[in-house]
Amino acid sequence: MSESTAHHYLESHSPGHGLAQPRAAFTSDAPVLDLTGTWRFRLAAGLAQVTEGFEADAFDDSGWDTIAVPSCWQMDGLPGEPRFGTPTYTNQIYPFPIDPPHVPDTNPTGEYRREFTLPAPWPAGRTLLRFEGVDSCFAVWLNGTLLGDGKGSRLPTEFDVTDTLRADGPNTLAVRVHQWSAASYLEDQDMWWLSGIFRPVALLSRPDGALTDVFVHADYDHLTGHGTLWVHSTGAPARLTVPELGITDADPAGPHTVAGVTPWSAEQPRLYEAELVTDGERIPLRIGFRRIGVQDGLILANGRPVLFRGVNRHEWNPDTGRTLSHEDMLADVLLMKRHNINAVRTSHYPPDSAFLELCDEYGLWVIDECDLETHGFGLIGWAGNPSDDPRWRESFLDRMRRMVERDKNHPSVVMWSLGNEAGHGSNLRAMAEWTRERDPERLIHYEGDDNCDYVDVYSQMYTDHNGLGVIGRGHESVTRDPAQDARRRTMPFILCEYAHAMGNGPGGLSEYQDLFESYPRLHGGFVWEWIDHGIRRLTPDGREHFAYGGDFGEPVHDDNFVCDGLVFADRTPSPGLTEYKKAVEPVRITVDPAGGTIRVRSHLHTIDTAHLRFRWTVEDQGRLQGDGELAVPPVAAGAATELTWPEALTKLCDAPLEEGEERWVTVSAELAEDEPWAPAGHEIAWSQAAIAGPAPEAPPLGSPLTPLLADGTYALGPAVFDAVTGTLLRLGGDLDVDGPRLDLWRAPTDNDLRTWGGPLAEAWRNAGLDRLEHRAVRVRPHDGGLDVTVRTAPAGADYAMRTVFRWAADAEDPGLLRLSLTTEPVGTWPCPLPRIGIRLALPQDIETVDWFGLGPGEAYSDTTAAVRVGRFTAGVDDLQTPYVLPQENGNRRQVRHARLTGGQGSGLAVTASPHLDLTVRRWTSEDLDQARHTTDLRPRDRVYVNLDAGQQGIGSGACGPATQPQHELIARPVTLTIGFRPC
Ligand code: GAL
């Protein structure tokens, strides 16, 4: 575009024109006219195609489309066909040439119009038109008059419309929104590019005698228990009332010192209702007293070190994109609270204000992050990065100002973050300096400031376990600028992102938590990330799935990297969330059968354990034998206690146990009473201990049978085998079985596919693990049974696995077929193996699996915290986890017994000595590997069963550390003992 056009603002470094001063988000009894609803809409392909004169009152828009405000226009029409353009997903790369501040001529431009009439009476005074969020740049006209233009998609923008507004008669509002603008260079967050008026719009009366702004300061002194309140308001003179604190009609500036206030914290989000009154309006306030700061290298909240059990939250809804309902926001907060999460980083922009209100109310520590990321410059060596270009300074400062001013009254906000992945530069320093001056009562965060020149907290992302331990001990390498080293070495540390939750995983959460809980300098971390940004779509035949990058034909995109949340796009918790809940449980219980004690250690910050009720259960082989309550005197935050077992528990544990059975004690802590975020009985923490078991080796067979050869098969007890290949064909007369075969393959997980430092899945495919050949070396009947020796190897390789299947049956136990399998590597395998085990196929009418082992959820060696020993039942379909990109899932670990049964036909019972991993599915690993979306998976006419000695761990290598060495599955000799029995 030429500089001389009327749309110069679009490609200008300026944050906008004609804007009102930023101020706090507050409500008042002054009238508000909600302008959300249905607007007229037209989408132009770019500036050359915009509608001249569309802002005029008289413009006839009757032929235009309509659209919901707020909404993201690319989401309109979904899950069917989008009506206005399509979503685009990129992570780092800009989807347009790097040519700042210019953008391409093809620049989807939404033109919006609506009429409104002011309700009567509308007070004398000023009126503001407030947009809570418009992506990415817009110009506004009221009654044909240009009010100005704005940028900063996830920030509020206000225009003073007093002189343009018609008190009676219709008003016409016209807004032109551009998908791409100079601001797009500052908004390169890893997410869908979506456009439009995507947060609410309203007209706010600011009557004569109204406030301009308000800044609540509510400090808490933990040494005295005193709260100090002073409220700085501008505009008309105001009076302050806080009934509970005996403050009535007082000068807001105080300061008001009050003895014995209850401080605000994530665990006890105490808010005091207050009111500011001026001649023109009444403003309700919710005041939380608290103090956050760094002292002696520790982050203290109300005088005590705080440990963040956090998540990074983007705003997402699979149908509406970044337009969220109140229910969506509440659902997020409740799910977080129910999963022991106590902190949120609002990656990577300030959320809808309503979300912060919920954080204040329900209790979550918040790092409020500015709407800023210039990551795409990283791909060109940070050349021309706006963060260090003075022409952008005002825009950077404007963004920070608008966030801080809007959110400064939320007690939940304890840190301001300058943004994400915007490199280095003086503009970032300027943001920090302005913020420190404006609000010295909060901490400043920016992960990119690796020297910690101008931040208060040392922060990294995706540091591996070793590196974290090194930092915990203060042994990290020196800063880039050695002059800063001594300072940074004394600073508290957080992992602002870790444990990338993409697909199956993340693995290694418990090990991270151990480190966080071991080193005082480490103040916890924020899992990347909260929610998958999948978009709900329908296949042509109407089946639902979630779309990701590339599904809308984007020429440049980053696939399913946009789906890496602890909850699926529809907010169904994934196994990763369950694992996180357990890994970060704020109360640790240790059950010690030898000493007959139970230890309870609190990692709570503020409150004692009086809100918890402790219970114990005893189960024999998963059958409840007894339960009871445990009287645990309240344990203070950070303290521990040890109890001896109650008599009833000891008695049950001493009772005789059936031969071969296991006895387990479980102790759990649950809410004693309803909390606003979960009902009484909601489990917070638990622990298990074995009293006896697991079962020892399988007993020897009484009278082993000899195989009988007939018609090219061997009959052995309940089983029939192919005499040439040694393959099991049938069990118990009518159970058709294919296999079993040695299986080393799994459908790669996202972490296998994208492993930092070289995808593991690529190593696996290069090694030929996805194309194994089997050769029956020998089928040998003998007195004790049938031995089948098989060599398994990929084409072109000289390494192999040599497996001996030793089949046996027992005349004294006619239903039993026992397999003793040994497999061992021949030669050197070039990489760890996905799995070592066997796979077989059963008839498709198998529907249900009952098992005794770990459950109820899926687990892998490094994602095992959340599962417990017990007896579980699930339908075959319910055993699958619908990761957006189909991949290995659904493994049940340490299964001792399982029964696979169906509607009509016979089923199969499996007994392992001592245990094995089990997956059951209606498709093969190869099908899972091929599928791109969940709807590509079609049930076959068999049910596939994997029985494994183990699998490679999960890790979080898609962005972060790969599987830790102790969870790698190196090719090694393995023995499995499995009993099969038709049932
Ligand atoms: C980080 C980034 C996030 C996200 C994540 C990977 O580097 O800050 O926005 O891209 O990686 O999913």
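1. Leucine 649 touches Ile598, Trp616, Val618 and Val665, leaving aside residues up to four places away in sequence; contact here means heavy atoms within 4.5 Å. Leucine 649 sits in helix α9, residues 647-654. Helices (H or I, at least four residues) and strands (E, at least two) are DSSP runs, numbered from the N terminus. With 0% relative accessibility, leucine 649 counts as buried; buried means under 20% relative accessible area, exposed over 50%, and partly exposed in between (1.4 Å probe, protein chains only). Valine 665 is 16 residues from leucine 649 along the chain, and their C-alpha atoms are separated by 8.6 Å.

2. On the basis of the values: this is a predicted model, in which local features need pLDDT of at least 70 and side-chain atom pairs count only at pLDDT 80 or more, while totals for chains, interfaces and linings use all residues. Residues are numbered from 1 along each chain as its sequence is written, and side-chain values use heavy atoms, with hydrogens and water left out.

3. The ligand has 13 residues around it, of which Asp190, His348, Glu421, Glu497 and His500 come nearest; a residue is near a molecule or strand if one of its heavy atoms lies within 4 Å of it. A ligand oxygen atom is 2.5 Å from an N or O atom in the side chain of aspartate 190. For glutamate 421, the distance from a side-chain N or O atom to an oxygen atom of the ligand is 2.5 Å. For aspartate 564, the corresponding distance to a ligand oxygen atom is 2.9 Å.

4. Helix α5 (residues 465-472) packs with helix α7 (residues 509-518) at an angle of about 5 degrees, and their axes are 10 Å apart. Axes are lines fitted to C-alpha atoms, for helices over the stretch in contact, and angles run from 0 to 180 degrees between N-to-C directions. That makes α5 roughly parallel to α7 (angles under 35 degrees count as roughly parallel). His465, Leu468 and Gly469 in α5 meet Glu511, Tyr512, Leu515 and Phe516 in α7.

5. Which residues of α8 are buried? They are Gly576, Leu577, Glu579, Tyr580, Lys581, Lys582 and Ala583. Seven of the nine residues of α8 (residues 575-583) are buried, so this helix is largely enclosed by the rest of the structure.

6. Arginine 399 belongs to helix α3, residues 393-407. Arginine 399 is buried, at a relative accessible area of 3%. Not counting residues up to four places away in sequence, arginine 399 touches Gly152, Leu155, Ala183, Leu186, Glu187, Cys370 and Asp371.

Notes
Parallel < 35°, antiparallel > 145°, perpendicular 65-115°, else oblique. Polar contact = N/O pair within 3.5 Å; in protein donor to acceptor, adjacent residues only side chain to side chain.
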